[in-house]
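Visitor: I would like to learn how to read a few features of a protein model. Please take them one at a time.

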Amino acid sequence: MNIGFDVFSMPLAALLAVLLDRLFGEVRRWHPLVGFGNLACAIEKKLNQRSLLAGLVAWLLAVAPWVALAFWLRPYAPFVVDVVLLYFALGAQSLCEHAEAIAQPLQAGRLDEARQRVGWIVSRETSALDESGVAKAGVESVLENGNDAIFGALFWFALLGGPGALFFRLANTLDAMWGYRTKRFNLFGRPAARIDDALNWLPARLTAFTYASAGLG
């Protein structure tokens, strides 16, 4: 590892990636995570035998090749690899857009539209929520996803550079796709859920501390 690069250039790479996310948000077409999601669906259909072992093997097949490729490429162009991978791992601007899409109709009194919008980012029924319920659900989801879309990616980037941010985001994506306690995913998806829990253990607590500190300010 090039210590000089990591000390002096990683912060600049992080700032540039954050700026790109702020200016452009998520790629509208051909986003790598969309392709990864399609791959994960194909792997799950082939390997889901509703067992822990099958879930672990599927997780490794989905994640390991891309992270290994990122680590292999990084020495050749560390700054570019770090910026690109962190940019794709971040979702701050997209999260802001989702929050605005809830807040604007709610403020304008369009409750049905606000319910529909908040339903896009929460995993529960929203059709019966009143204005207060929609606001609470939106705020809770934005705060929770702040760790997944921003702080967690930055935490693993600080530890392992762009490949670390990629590793975190892919693991987080598989948890969102497979980490359910249903008959289909209870065993198969458990490795994805537990790995995501482990990767988020410290970042989530640092995120909560940041929120609490901001609230006291």
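**Reading a buried charge and an aromatic pair**

Guide: Asp175 is found in helix 7 (residues 131-178); helices here are DSSP runs of H or I, at least four residues, numbered from the N terminus. The model is predicted, so local features need pLDDT of at least 70 and side-chain atom pairs pLDDT 80 or more, while totals for chains, interfaces and linings use all residues. Residues are numbered from 1 along each chain as its sequence is written, and side-chain values use heavy atoms, without hydrogens and water.

Visitor: Is Asp175 buried or exposed, and which side chain of opposite charge is nearest?

Guide: Buried means under 20% relative accessible area, exposed over 50%, partly exposed in between (1.4 Å probe, protein chains only). A salt bridge needs a side-chain nitrogen of Lys or Arg within 4 Å of a carboxyl oxygen of Asp or Glu. Asp175 is buried and has no salt bridge; Arg194, the nearest side chain of opposite charge, is 7.1 Å away.

Visitor: How is a pair of aromatic rings described?

Guide: By the distance of the centres and the angle of the planes. Rings of Phe, Tyr and Trp (its six-membered ring) pair if their centres lie within 6.5 Å; planes under 30 degrees apart are stacked, over 60 edge-to-face, the rest tilted. The whole structure has 9 aromatic pairs. In one of them, Trp59 and Phe167 are edge-to-face, at 6.1 Å centre to centre and 85° between the planes.

Visitor: Which parts does this pair tie together?

Guide: Trp59 lies in helix 3 and Phe167 in helix 7, so the pair ties together parts 108 residues apart in sequence. Trp59 is buried, at 5% relative accessible area, whereas Phe167 is partly exposed, at 21%.

Definitions and conventions. Helices (H or I, at least four residues) and strands (E, at least two) are DSSP runs, numbered from the N terminus. Lys and Arg count as positive and Asp and Glu as negative; His and the chain ends are not counted.
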